[in-house]
Amino acid sequence: MGPRLEAADIAVVALYFVLVLVIGFFAMWKANRSTVSGYFLAGRSMTWMVIGASLFVSNIGSEHFIGLAGSGAASGFAVGAWEFNALLLLQLLGWVFVPVYIHSGVYTMPEYLSKRYGGSRLKVYFAFLSVLLYIFTKLSVDLYAGALFIQESLGWNLYLSIVLLISMTALLTVTGGLVAVIYTDALQAVLMIGGALTLTIISLIKVGGLQGVKTKYMAAIPNVSAIIATGNFTYSSSCLIEPKPNSLRILRGPLDEDIPWPGFLLGQTPASIWYWCADQVIVQRVLAAKNIAHAKGATLMAGFLKILPMFIIVIPGMISRIMFADEIACIGPEHCMAVCGSQAGCSNIAYPRLVMAVMPVGLRGLMMAVMIAALMSDLDSIFNSASTIFTLDIYKSVRRMAPQRELLIVGRMFVVLMVVISIAWVPVIIEMQGGQTYLYIQEVAGYLTPPIAALFLLGVFWKRCNEKGAFWGGMTGFTLGTTRLILAFIYRQPRCDQPDTRPAFIVHVHYMYVAAGLFWISGLVAVVVSLITSPPDEEQVRTTTVWGLRNIERVPIKDKEEMHRLTEKSHCNGDGSIHKEMPPDVRNERSLDGADVKLLVPSTDHDPATPSTETSPATTPAERFGKGKIEMIREEEGCHVNGVTSRCMRILDCLCGFKEGSQSAQNDVQDDARLVAEMLYEPPKVKLFLNVVLSNPALN
């Protein structure tokens, strides 16, 4: 076992968490002055630089430092292909998907499916799938990765570390909404990149630079004789301990067991499209941008930042194998169990082992703090998102008349259930994919997400796709993918010193090829069923496809001093009189409290004779949930409303920033159209600059 955290490191960890708390509460103080919906999209006031950093941190969490570095230690450069693929898919998000989401006026991805296709079946299906993915690829993996980091640095038991993580998250959760999350993410991005770059530079110096990595990695073989002599271990030649011959290549042959290039391009890319273009955690941050130019700038920044993990995570993982070959490349199940507690392999300890051995005192504590803080931010987001999706999109569809108190209790109980399932699932994660956590995440996502990617792509690009086609296409892919996933859990990879008796289609058909099949089969079923059934209504495709963007008028923002509108005073003023209200950007310049921005809401100009299955445009699920909390608080405090806002309610509204809608529906529709036009407007020079930046990587 390597070195442990010293007193100076622990002091750095404590100071870091105090700083995060201060920033979080400062952001909370600002966010509390916004509307309920502003809590979820940060008032659409974020700039490209802050969002770009938040996107990077949201993606690069502790599971990446554990899993990505571990795969680098086990198989070389190949795992870096995901990072370069993300660079391109982020631009697909910024240039194609985000304009459509803004035009359609949606807040969440289930809401987009509901508005694009109609009905509630797809929304429930997507919500159920999201909960599965949260539990089996995010929550359980995050808990394992963070606990492994604590175990390596403090020597604690793995499951005791998991309990500690959950307790710390409960104590240090900052409730300032997306504003707090984005600002703390920006701080973590700076420290994470700075600390990881420091570790990379120190490590490269120790092994003789990048050329030394290439040379020494191929010779990083454990000393079998010395290991056997030091303990009661055995070695079988079927346990491969030498680096793979193609370890220095990214894309490999079509039959490679790690990353076959046809499977990666045709199967992994659709799964990544779901993550980067249709996952709520990612899209929500980009939708918080001031306008489309800031959104595109954020995806460009995040795309360039995604080049870094190859150098600050994958290569340090390879260096860790060079320096600790006898531990990272353990020789057999018994030896692996003694080193890291997993019979499948010990590559997951590569990064924390390198941090503890190479980083100086103080910086080790800083890296530890950044990892744990990022993990707790992820856990908080997962708890909030998963419980909200389950409560509003699944449970409420079964009990439509459930009171708000019941919904809140169910949401909290579901979080407890998720944590219990995730902890019970950790042993499966440890043993899957030869102990490589990152490949486990990709395999599970590869079986479940390609159908969703097909539905979003068809929804955005093909106006003829209807609800019946999308539903049966999604259900076909979900059934096939779930079946294959269950078989993967039943027929797990045996120990390396035992024969592999699994069926041939499990052993020889890579999960990326299965993902490709699921994507194309789901898409084909959706197309065929859509063509033999009635087309969708014009209203369903007017604002929810990329073709609708051609008809929208994009206008620049008016002069700030003239762009004021009449609105009712807030409850804090008490008199309900009419006054002039400055636009959001003017208020931001004149007041620290700049989060009070009216959000886009979906259009309400559909035919009133046509029954609508969508969420009420003026009340999204997020708003309903938030308003429900406010009403519960009012009831508990004894605040009653009888036509006039009581003193108790005015105090509560001032503290919580809750505001009732006061404008007419007609004014809301006009404001929506104007805001959409302004959000989608790009000054010609800015548009030219963004397009040049986008095209340069392709030209180079």
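**Confidence, a crossing and a cavity**

Reply: Averaged over the chain, the pLDDT (the predictor's confidence in each residue, from 0 to 100) is 76, and 72% of the residues score at least 70. This is a predicted model, where local features need pLDDT of at least 70, side-chain atom pairs count only at pLDDT 80 or more, and totals for chains, interfaces and linings use all residues. Residues are numbered from 1 along each chain as its sequence is written, and side-chain values use heavy atoms, leaving out hydrogens and water.

Me: Where is confidence lowest, and where is it highest?

Reply: Strand E1 (residues 565-568) is lowest at a mean of 35, while helix H25 (residues 511-531) is highest at 96. Over residues 559-645 the pLDDT stays under 50.

Me: Why is the crossing of H7 and H18 called right-handed?

Reply: A crossing is right-handed if the near helix is turned clockwise from the far one by less than a right angle, and left-handed if anticlockwise. H7 and H18 cross in the right-handed way. The axes of helix H7 (residues 121-154) and helix H18 (residues 350-358) cross at roughly 35° and come within 9 Å. Those axes are lines fitted to C-alpha atoms over the stretch in contact, with angles from 0 to 180 degrees between N-to-C directions.

Me: Which residues of H7 make the contact with H18?

Reply: Phe149, Glu152 and Ser153 do, against Tyr351, Pro352, Arg353, Val355 and Met356 of H18. Contact means heavy atoms within 4.5 Å.

Me: What makes a space a cavity?

Reply: On a 1 Å grid over the protein atoms alone, it's a set of points where a 1.4 Å probe fits but cannot get out. By this rule there are five cavities of 30 Å³ or more. The largest cavity holds about 520 Å³ of space. Of the 30 residues lining the largest cavity, Asn59, Glu63, His64, Lys138 and Tyr275 are closest to its centre. Lining residues have an atom within 4 Å of a point. H12 gives the most, six residues.

How values were computed:
Helices (H or I, at least four residues) and strands (E, at least two) are DSSP runs, numbered from the N terminus. On a 1 Å grid over the protein atoms alone, a cavity is a set of points where a 1.4 Å probe fits but cannot get out, and a pocket is an open set with protein on both sides within 12 Å along at least five of seven lines; lining residues have an atom within 4 Å of a point. Grid points are joined across faces, edges and corners, and a volume is the space filled by probe spheres set on the points.
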